[in-house]
Amino acid sequence: MTLAKKPYKKPLAKKMYPYFFIMPFALLVLVFFILPAIATIIMSFTDLNASMKINFVGFDNFKRIFTDYSMPQILWNTVLFAVITLVFSLFFGLFISIATQYFLKGKLTAVIYRVLWLIPSIIPAVVYVTFWKYLFDPTEGGLINKVLLLFQPDSDPISWFTKIAMAIVIIATIVSTTSGGMILLSAAISSIPEDLYKAAKVDGASEKSVITKIILPSLKWPLMYITISDLIGFVSSYFFILLLTNGGPMRDTTTLSLYAYQQAFNLKYYGYGAALSLLVVLISLILTLWLLRLFDFDEMIKPSRIED
Amino acid sequence: MISLVNIVKDYDGKQMGSRAVDGLNLEIAKGEFVALLGPSGCGKTTTLMMLAGLLKPTSGEIYFKDKLVNHVEPKDRNIGMVFQSYALYPHLTVRDNIAFPLRERKMAKKEAYERALATSKILQIDHLLDRKPSQLSGGQQQRVAMARALSKDPEILLLDEPMSNLDSRLKLDVRDEIRKIQRKLGVTTIIVTHDQEEALAISDRVAILNGGKIQQYAPPNELFNHPANLFVGSFLGNPPMNLIDGVVEKRADEQWVKTKLFELQIPQPCRLEEQHIGKAVKLGIRPHDLFIAEQPSEAAIRLQIDLIEHLGNGQLIKLTDRDGQADMMIRLLTDNEKQLKEREMISIGIKPNKFHLFDMTDEGRNLLQFQ
Amino acid sequence: MSTSIAKKLLVHTYMLLFTMPIIGMIIWYFLSATLNGTTGQFTLENFNFVKEPIEYAGVVLPAIWPIVLNTLVYSILIVVIEVGIAVPTAYAFSRLDFTGKLAAMKFLFLMRSFPGITLIIATFFILVQMNLVNTYLGVILVAITGSLPGRVYIMKGFFDEVPWDLEWAAMVDGCSRFRALMKVLVPYVLPGIGAISVFSFLGAYGEWFLFKLFIFDDNMLTLAGYLSRLVTKENVILNYGLITAIGLFYTIPLVIFYIFTQKIFLKINMGGAKQV
């Protein structure tokens, strides 16, 4: 059989057409993501500071990271903050979603609990932190100090933000981030077919085995996803800490990313700040790439079914 | 009107090198109703999509009225198309759905609505014009889809499994109606279907596709009576054709087909070429071309009834040889009058000249040419 | 059946216990804003800021209504720009073929989970170089670059769900691909556009960090930026009544907005769970 001479080739205009659609986005990404990424790397090799003079100093900034006497504490703070917050918000997210989607499924109370737990994440951060500031206010005006004063009228108000600053930061973060995981987990639980529970009941399964044999296995993927994406968030963002304690007292609640921010914007050590950021970038990048491995890209990218 | 010349379509991507259509040639006359029939994955839908211009052939040429249209955009091909899912625009009313192709041609709104009304009257859906597609039944949606395809007075109408989402009774009505409207408007129509009954009933000619190639392109009767090859023979017909292994033998001046159970003489006018003598063949006999012999005769084949299925308008009898040596299962279709019992031995015969011989090549060419 | 009641009781006990701080928090906001700090009497004097510029920690704060106007202008600008960029980008990723699509999609995904905030120092200098510090344009450009990957991802999901039949039909009915997008696809993904609009609006309404960093003129602040300046001004807050009153003024419209859009909101959040 004779086949025709030339296979079909897309004209150039049609090849370029899709790029027109992604152009604005691509430009933004180039200028405000890729460029900053490159600039961060370059800056981390300079001693750029308030004087705005750029001198290349090689690996000095990175050497300084290893000799910075605050570093051990800051790294420890970062790990402590990220791990404890993660563990507790996972636990609460899991508990609430199982309670509302399994034990109280379809009940009004389930809806109320879920909405209540959503509130801290909806309330703007700046308003949210005022409650925690009030709760642990170091003067007698603070709620906890007021209550303590009721029991022990002679005692002095306790300066909570000096004593347990890290705990306050962690609690405030947990209460606000739990709902994110809760929503994903609830969605996963509600997609378990009702028949499975019925079958388990018929087989005489206990509540415990329903949870461990039916519910938990179906949460494997969302749990993985929440774990990694929360970790990325806890390691890299510092908004609550900035608003609640600004890293203090001393450096008790300063995490790595906040430290980078402070070095750059408070002390104007831009070069050193960039080097510290780069460390956060590296950790985030590793976590992000791990997260990406969870996705099936071939499944997600489908070719067009119209040929231009 | 339409010519497809050596059309090849490769899908790239994951299944690299998978060829959906492989050197397809097809001529369709003006006003003709043609069906593309075949099992799923045979390339029939791909062919239709290439006619619509939504897919581009890897190689080969498509002509509409002698004009090469390979690179003509779908919108410039003047075609109407009905999809399996009907693909009505959910945000538009029935009226706006039907007027959509007209409005896209920059026709004034008033005129477009008048045309939409006229088309909807042909399809008897003029009372539904203000509804949204979600408020319509499946049959009504199908009519709206037809109306939308026809409103712009297309030169070619493409139907992609248009009836597969309808229930079986409605299917018959719609089938007749599509045929009637097509005759009335004289629009060249190509339907893609996997339903052979539908294809044979509705079209002037049927192209049977398998593996991206046309197996046979002929009017329905011809396909049924003179299948070009083993695929067409076994694909068409329900219950399917009996296929029996045999060998061609030459005895004096006569040619015979010998199977494990019986022998059959090949009639003089359609003698095989010498090269087939001694070669294995497939003997194909349709279930309704077998009959139950009243008196056991020399030529009759003695078989045992294995299973009787009542089909309503007849009974399908599955027969085996008693000792199972030939390992043969034969289906026979007979009327309801016969009183038969399972395990009973009967004699069957073959209606004269009602059999086919296929060679054992991959193609399975039909060797007989009965007139 | 008594075991079942006991079980429910146990679940409720734990849930109430866990939820207590949140309930307490909500009650406190209202009490703190509406009670006089010393006498405990009901009062609306904390809401005086809606009438006149007030003094806090020895400084006269800018009047509230221009700030509200800034907030609306900024939020609506963000919504319009994000939708305007996310829709065509998502369309291209979902429906068009182009060289580098897979790589670009992987990059988009990387960006979606990657915290852009870690690059903020360098971003600051780029804005300085472009003379965009202390301008809305600068804040907007940085803000949308951070949020667009998420919006594009959600929007792509909506485009993926448009049946191909529908676009085929439009093409046969006389549309170019672009016209099919405008006449058939966009109406179909309208719920998705609504969803990302809500998300964009909420994000813009809550933005305070970029204002803290890039905006030095108090008169250009939005409500969130304004509040963040009050909250971080001193380590100890002097007047909770005033701050919670402004907080409520800021939050209540948001809660009302949320109640009306929560179905969409939940749908967006599910987006992450879809890809299993």
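This briefing walks through a predicted model, taking chain B, chain C and chain A in turn. Chain B splits into two domains, and so does chain C. Chain C also meets chain A through 76 of its own residues and 78 of chain A's. Inside chain A, the things to look at are the pairing of helices H8 and H11 and the largely enclosed helix H13.

**Chain B: overall build**
- Chain B carries eight helices along with 20 strands.
- Its C-alpha trace runs about 80 × 45 × 40 Å along the principal axes.
- Chain B has 371 residues, and 38% of them count as buried.
- If you take the chain B contacts between residues at least 6 apart in sequence, 63% of them link residues at least 24 apart.

**Chain B: its two domains**
- Domain 1 of chain B covers 2-234, and domain 2 of chain B covers 240-359.
- Their C-alpha centres sit 40 Å apart.
- Five residues of domain 1 of chain B and seven residues of domain 2 of chain B make the contact between them.
- On the domain 1 side of that contact in chain B, there are two nonpolar and three polar residues, with no charged ones.

**Chain C: its two domains**
- In chain C, the domain assignment puts domain 1 at 2-43 and domain 2 at 50-271.
- Here the C-alpha centres of the two chain C domains are 32 Å apart.
- The contact draws four residues from domain 1 of chain C and six residues from domain 2 of chain C.
- Domain 1 of chain C brings two nonpolar and two polar residues to this contact, and no charged residues.

**Where chain C meets chain A**
- The contact between these chains uses 76 residues of chain C and 78 residues of chain A.
- On the chain C side, helix H11 (residues 240-274) of chain C supplies the largest share, with 13 residues.
- Sorted by class, the chain C side holds 53 nonpolar, 16 polar and seven charged residues.

**Chain A: H8 against H11**
- Helix H8 (residues 165-190) of chain A and helix H11 (residues 220-236) of chain A have axes that come within 10 Å and cross at roughly 160 degrees.
- Angles over 145 degrees count as roughly antiparallel, so H8(A) is roughly antiparallel to H11(A).
- The crossing of H8(A) past H11(A) is right-handed.
- From H8(A), the contact involves Thr177(A), Gly181(A), Leu184(A), Leu185(A) and Ala188(A).
- H11(A) answers with Pro222(A), Tyr225(A), Ile226(A) and Asp230(A).
- An α-helix has 3.6 residues a turn, so residues three or four places apart point the same way.
- The class count for the contact of H8(A) with H11(A) is six nonpolar, two polar and one charged.

**Chain A: the enclosed helix H13**
- Helix H13 (residues 256-266) of chain A has eight of its eleven residues buried, so it is largely enclosed by the rest of the structure.
- The buried residues in H13(A) are Leu256(A), Ser257(A), Leu258(A), Tyr259(A), Ala260(A), Tyr261(A), Gln263(A) and Ala264(A).
- Within chain A, the cover over those residues includes helix H3 (71-103), H11, helix H12 (239-244) and helix H14 (270-292).
- After H13(A) comes Lys268(A), which has a positive phi near 60 degrees.

Definitions and conventions. Residues numbered from 1 in each chain as written. Chains lettered and ligands numbered in written order. Predicted model: local features only at pLDDT ≥ 70, side-chain atom pairs only at ≥ 80, totals over all residues. Helix = DSSP H or I, 4+ residues; strand = E, 2+ residues; numbered from the N terminus. Buried ≥ 20, exposed ≤ 12 C-beta atoms within 10 Å, placed from the backbone. Contact = placed C-beta atoms within 7 Å. Domains from an automatic or database assignment. Nonpolar A, V, L, I, M, F, W, Y, C, P; charged D, E, K, R; others polar. Axes fitted to C-alpha atoms, helices over the stretch in contact; angles between N-to-C directions. Parallel < 35°, antiparallel > 145°, perpendicular 65-115°, else oblique. Left-handed = near helix turned anticlockwise from the far one by under 90°.
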